[in-house]
Amino acid sequence: MKSKNILITGGTGSFGTAFVGYLLEHHPDIARIVVFSRDEQKHVEMARRFPPSKYPLRYMVGDIRDRERMMEACRNMDIVVHAAAMKHVPVAEENPMECAKTNILGVQNVIDAALANKVSQVIALSSDKAVAPANVYGASKLFLEKLFLNANRENATQFSVVRYANVFGSKGSVVPFFLEKMAEGYLPITHPEMTRFSISMQEGLDLVMFAIQHGKGGEVIVPKAPSYRILDVATAIAPGVEHRIVGIRPGEKLHEMMVGASEAAQTVELGCYYIVCPSEGPWDKAQYCSENNATPVAEAFEFESGRNTEWMTVETIRGLIKQITQTHG
Ligand SMILES: NC(=O)c1ccc[n+]([C@@H]2O[C@H](COP(=O)([O-])OP(=O)(O)OC[C@H]3O[C@@H](n4cnc5c(N)ncnc54)[C@H](OP(=O)(O)O)[C@@H]3O)[C@@H](O)[C@H]2O)c1
């Protein structure tokens, strides 16, 4: 990261704020970080925590839907981390075209601006919901992945994707929801069998850093995330409190998928990640495996939250919730 200029779209969000903090602490020799997003209030609040007078930071108000502004934002950048998105499933279901404008057309603006400005590397945050999508948000993230992987055909700018999972305890996730509902004397459970993948914020940061340091362009990097059962989260938060089964909501799946069956032939295992290699272009999967000590996965491989080999226990979940509530109140 020495002397690099880095642009973070969605830099005022949960990931963006944590990533800026991480970069300032661990990479003090970075040249400049540009934080890009729309809401000026979030910029003001973030600038109180990370003042530009003290750190090599620029706060840039802008919308990724605005092509001209994206062109400006990418000027002189070495790395772009693209985190800006509409990310709430029900909101995207009700406003599909708004989701498409940000999560698809906005992404194309990021790609075009990076290419026009000869940015070396661009990393996008996708989602497990992009695999066999069941909702508008997931479909928009699948589109993002396709746009990014296709952009590698153009020229020397490298485009890589990381598939993020639910950040445990993050805003809008099941943990704050259950903590709020507990006071009403019952917990609404969509389905007793429902499972989800989980990563911590630190694992999300490590994933993006891995992509920056080891990405070749054209791949999707997937963390070997553990799963949890929704019922176990309910038990960890409020043992003995009544559960009311409310049914799966439109666009929700019983289990999530991190690597789909159709991707198995292109997937290799590398330490704590799976790498879905592109099927076209200059990639040679066998050569990648021998150079990186990676191993192809089995032909029938699928990475699904309901059939994971790693599970978070009620005790682990309880410990994490304790940490979160102690940190954030
Ligand atoms: N958190 C999770 O559990 C999770 C799971 C899977 C994938 N992801 C993905 O990870 C990424 C980061 O998520 P997060 O949790 O940090 O989300 P977040 O907290 O909601 O932050 C989103 C950021 O994007 C900005 N933004 C939204 N629309 C924009 C636009 N049109 N132009 C410019 N900036 C825009 C927001 O600021 P303004 O609204 O002020 O513009 C904010 O800074 C997203 O791409 C999300 O889809 C997250």
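Visitor: Which residues does Tyr-137 touch, not counting residues up to four places away in sequence?

Guide: In this predicted model, Tyr-137 touches Lys-87, Val-89, Ala-92, Cys-99 and Lys-129, with residues up to four places away in sequence left out. Tyr-137 itself has its place in helix 6, which spans residues 136-151.

Visitor: Is Tyr-137 buried or exposed?

Guide: A residue counts as buried if 20 or more other C-beta atoms lie within 10 Å of its own. Tyr-137 has 25 such atoms within 10 Å and is therefore buried.

Visitor: How is the packing of two helices described?

Guide: Two packed helices are described by the angle between their axes and by the distance between those axes. Helix 5 and helix 6 pack at an angle of about 15°, and their axes are 9 Å apart. Angles under 35 degrees count as roughly parallel, so helix 5 is roughly parallel to helix 6. The crossing of helix 5 with helix 6 is right-handed.

Visitor: Which residues of helix 5 and helix 6 meet?

Guide: On the side of helix 5 they include Pro-96, Cys-99, Ala-100 and Asn-103, and on the side of helix 6 they include Val-136, Tyr-137, Ser-140 and Lys-141. By class, the residues of this contact between helix 5 and helix 6 divide into 14 nonpolar, 3 polar and 1 charged.

Visitor: At what angle do helix 3 and helix 5 pack?

Guide: Helix 3, residues 67-74, packs with helix 5 at an angle of about 45°, with the axes 8 Å apart. Helix 3 and helix 5 are therefore oblique to each other. The contact is made by Arg-67, Met-70, Met-71, Ala-73 and Cys-74 of helix 3 and by Asn-109, Val-110, Ala-113, Ala-114 and Ala-116 of helix 5. The contact of helix 3 with helix 5 comprises 8 nonpolar, 1 polar and 1 charged residues.

Visitor: What is the arrangement of helix 7 and helix 9?

Guide: Helix 7 (residues 174-181) and helix 9 (residues 230-237) pack at an angle of about 45°, with their axes 10 Å apart. The two, helix 7 and helix 9, are therefore oblique to each other. Val-174, Val-175, Phe-178 and Leu-179 of helix 7 make the contact with Ile-230, Val-233, Ala-234 and Ile-237 of helix 9. The contact of helix 7 with helix 9 has 8 nonpolar residues, no polar and no charged ones.

Visitor: Which residues touch the most other members of the largest nonpolar core?

Guide: A nonpolar core is traced by joining buried nonpolar residues through their C-beta atoms. The largest one here has 66 residues, of which Ile-8 and Val-80 touch the most other members. Helix 5, residues 96-116, gives the most to this core, with 5 residues. Another core lies apart from it and has 15 residues, among them Met-194, Ala-236, Ile-237 and Ile-317.

Visitor: Where does Leu-125 lie, and is Leu-125 buried or exposed?

Guide: Leu-125 lies in strand 5, residues 121-127. Leu-125 counts as buried because it has 26 C-beta neighbours inside 10 Å. Beyond its neighbours within four places in sequence, Leu-125 is in contact with Phe-15, His-82, Ala-83, Val-162 and Tyr-164.

Key. Residues are numbered from 1 along each chain as its sequence is written. This is a predicted model: local features need pLDDT of at least 70, side-chain atom pairs count only at pLDDT 80 or more; totals for chains, interfaces and linings use all residues. Axes are lines fitted to C-alpha atoms, for helices over the stretch in contact, and angles run from 0 to 180 degrees between N-to-C directions. Helices (H or I, at least four residues) and strands (E, at least two) are DSSP runs, numbered from the N terminus. Angles under 35 degrees count as roughly parallel, over 145 as roughly antiparallel, 65 to 115 as roughly perpendicular and the rest as oblique. Two residues are in contact if their C-beta atoms, placed from the backbone, lie within 7 Å. Ala, Val, Leu, Ile, Met, Phe, Trp, Tyr, Cys and Pro count as nonpolar, Asp, Glu, Lys and Arg as charged, and the others, Gly among them, as polar. A nonpolar core is a set of buried Ala, Val, Leu, Ile, Met, Phe, Trp, Tyr and Cys residues joined through C-beta atoms within 7 Å. A residue is buried if 20 or more other C-beta atoms lie within 10 Å of its own, exposed if 12 or fewer, and partly exposed in between; C-beta atoms are placed from the backbone. A crossing is left-handed if the near helix is turned anticlockwise from the far one by less than a right angle, and right-handed if clockwise.
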